[in-house]
Amino acid sequence: IMRTLSISLGQMTPQLGQPKANLAQLREWAAEAAQRGSQLVLFPELWSTGGDLSNWDRHAAPLGDGLFSELANLAAELTIAIGGSILERRDGRAYNTFALFGARGEQMAIYRKLHLFALMQEDKWLAPGKTPTLLDAPWGRTGLAICYDLRFGELFRHYALAGAELALLPAMWPAKRSEHWNILLRARAIENQMFIAAVNVTGRIGSETFGGGSMVIDPWGKAVLTADDRPGLLTAEIDVDTVATVRDNMPVLTDLRPRAYPL
């Protein structure tokens with residue numbers, strides 16, 4: 001049986017601090033993705049607020065409430081898995097939380113961003129997550145990450161060694177570092193012999209311009225889908241079994257020598 005996954009990426013320009021307007025955009029694109037036959041649709045990091053971290057107290061909701069329940073209900077209504085990162089309120093703190101809901105509206109996975117990006121003051125407003133998140137999804141074993149996590153190869157290697165075949169990454173990656181985005185996404189896919197689906201914000205929010213360039217990359221590092229810098233919904237189909245073929249043909253992960261270079 002071929003394990004194919006049809007995946008859509010909603011490359012947005014969120015309106016700063018306007019969750020209602022941003023949710024309306026998400027609803028429209030999620031419905032379009034479902035119509036295209038996608039099993040999964042991903043939206044960027046902090047898609048509901050475009051950041052707006054200093055006002056986290058106004059935006060953040062606990063799991064099961066606010067936008068978390070909106071997404072769960074929408075996933076069930078459209079029978080499509082929906083994911084993206086939003087602000088979570090937990091123990092009096094805010095987290096940058098990637099929530100993934102399945103096609104029945106069930107919570108498939110929650111990942112709280114491990115690496116906070118001080119250059120955009122994330123560490124000032126947010127608490128860091130504590131653990132990686134790996135799930136056994138219908139399409140295959142999947143690791144979750146957010147934006148700046150991409151610079152930490154150890155996280156993706158951890159996922160690969162735990163059997164991940166796909167990593168999902170919502171981001172708010174600035175245009176001025178687009179070259180790093182392109183290179184690092186390909187590098188993570190190549191070195192870990194896995195698919196990577198990454199969806200970025202695009203356009204200007206406040207004083208920052210974001211680069212778009214959302215991508216789905218295969219285990220050889222080849223782009224299955226590449227977006228430009230315009231907002232839009234992009235769709236690709238991948239065959240998850242390609243991962244096993246690539247790993248069999250070039251057994252990089254079995255040739256690792258972690259005792260020689262412990263972290």
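## An open mixed sheet and its helices

The 6 strands of an open sheet follow the order S5-S4-S3-S2-S1-S14, with mixed pairing. This is a predicted model: local features need pLDDT of at least 70, side-chain atom pairs count only at pLDDT 80 or more, and totals for chains, interfaces and linings use all residues. Residues are numbered from 1 along each chain as its sequence is written, and side-chain values use heavy atoms, with hydrogens and water left out.

User: Which residue is the bridge partner of Leu-9 in S14?
Analyst: S1 and S14 run antiparallel and are joined by 8 bridges. In S2, Leu-9 has Leu-42 as its bridge partner. In S14, the partner is Leu-234.

User: How many residues of S1 are buried?
Analyst: Buried means under 20% relative accessible area, exposed over 50%, partly exposed in between (1.4 Å probe, protein chains only). S1 is largely enclosed by the rest of the structure, because its buried residues number 7 of the 8.

User: What hand does the β-α-β unit of S1, H1 and S2 have?
Analyst: S1 and S2 run parallel, joined by 3 bridges. A crossover is right-handed if, with the strands pointing away from the viewer, the path from the first strand over the helix to the second runs clockwise. The unit made by S1, H1 and S2 is right-handed.

User: Which exposed residues does H3 carry on the face turned away from its buried side?
Analyst: The buried residues of H3 include Leu-67, Phe-68, Leu-71 and Leu-78. They cover an arc of only 165 degrees around the axis, which puts them on the same side of H3; the arc is that of the directions from the helix axis to the C-beta atoms. The face turned away from that buried side carries Asn-73 and Glu-77.

User: Within what arc do the buried residues of H5 fall?
Analyst: In H5 (residues 153-161), Gly-153, Leu-155, Phe-156, Tyr-159 and Ala-160 are buried. They line one face of the helix, because seen down the axis of H5 they fall within an arc of 160 degrees.

Key: Helices (H or I, at least four residues) and strands (E, at least two) are DSSP runs, numbered from the N terminus. Two strands pair if DSSP finds at least two bridges between them.
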